[in-house]
Amino acid sequence: MLPRLPSPPSTWRRIQTAWGLPDLVGQGRFVTAHLIDSLGNGLVMAFTVVFFVKTTSLPLVAVGAALTTGQLLALPVPPVIGPLLDRYGPRAVVAAGNWLSVAGFIGFLFAHAVWQIVVWQFVVQLGATAFWMGSSPLVVLVTRGVERARWFGFVRALRNVGVGFGGAVSAVALSMGTVAGLRAVMVINVVSFAVAGWLVITLRAADTDAVAGAGPAEPERTAGEPAGGTSGGYRAVLKDTQYLRLVAANISFVFASTALTVLLAVYATDDLGVGGWIVGVFVVLNTAMVALLQTLASRWIEAHRPTAVLVLALLFNTAAFIVFGTLLVLPGRAVIVGLLIAMVLYTVGEILGSPPTGELSVVMAPEELRGRYLGVYQLSWSVGGALAPALLTALSQGGAALPWVFLATISLLAVPLVLGLDGEASTKPGS
């Protein structure tokens, strides 16, 4: 009897492979939960300020201050969530994050005073932090380490699509200009995040007793650094110099991620003298490139060491910020061409940098202390994200090119930090 030959891949699977998509069979709940979170965040980011201005009697300044205060109060949260992640696992933490967001959005519907906005904004930020701290280890659990780079790239692309679409829906709601319309959007968020939490908590593939480290091995550690089996909580994390290098290097990516929202519009209109609509076009270009190319790039990323990809991402960021800074000396239409080149370089750096940082933040951490490790890693996002707007705008007061010089410098300085992470965390299929 002749041996049975394996059946050829289906057309859909061939399409998935060509576009760098992971195998989505059986992952409908996981994908849907991520899409709901992305859509909801797109909605909230675009209209929260206007929501409170329209639904309360508070002035714009008071609303902005209340929302900022709520976010600042949530800055110390990651180290608190870390032990919960270690104890209960990423599935429970991600679901709890969704449901905390539900509580916060319900609170938004009934908030009329400054202190109420502060409290409910804190709850929403608490939920968002729990979601993102549990998201990366949940990817590892659900995928069992198979096509891991593709999954991190896919989640990133899915977030961009969701945030963009959510922002568009929010813009439609804002154009209606009615309080009822704004409240309806918030109610939709409440329902969708509640469903997302249910989808996550019922994921059968995310049992905490699964082998989270299946697939690529963790990076090698030098003598004196913690390895699997180490106890000691956050003291062990702070002694792990390799992981702290990753956290320090990630700060440069955090600052880079704020460049478009904090610097670009003011720089382009006030210093370069181009129309504001051009900035909007380039932001759309950035979003479209990430959405369309992130999964394709994952095919290349998975065949290379994460540290090598991170170095390349940092060099692209450095080049982009140098081009942004030199636009001041370019004449006329050359500025538009320069902006286009800088934006493409910046977006390529973003596409290359996101999957390996997310992956390394998980696989470099000992499994039994993974939550605490991710608590420290998340601090680079929360603290860096809070400091970046103030620091970059302060630097701009000293000269239009100064923030770009700073961003290029910290991107370049992060390269040796990444090179120190050499190990076995490659993402080659089947390794």
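Author: Two residues are said to touch, or to be in contact, when they have heavy atoms within 4.5 Å. The model is predicted, so local features need pLDDT of at least 70 and side-chain atom pairs count only at pLDDT 80 or more, whereas totals for chains, interfaces and linings use all residues. Residues are numbered from 1 along each chain as its sequence is written, and side-chain values use heavy atoms, with hydrogens and water left out.

Helices are DSSP runs of H or I with at least four residues, strands are runs of E with at least two, and both are numbered from the N terminus. Leaving aside residues up to four places away in sequence, Ser136 touches Phe152, Gly358 and Val362. Ser136 is buried because its relative accessible area is 16%; buried means under 20%, exposed over 50%, and partly exposed in between, with a 1.4 Å probe and protein chains only.

Arg305 sits in the loop between α11 (276-301) and α12 (306-326). Its relative accessibility is 33%, and therefore Arg305 counts as partly exposed. From C-alpha to C-alpha, Arg305 and Pro356 are 8.7 Å apart in space, although 51 residues separate them in sequence.

The wider setting follows. The protein has 15 helices and zero strands, and 50% of its 431 residues are buried. Of the contacts with a separation of 6 or more, 84% join residues 24 or more positions apart.
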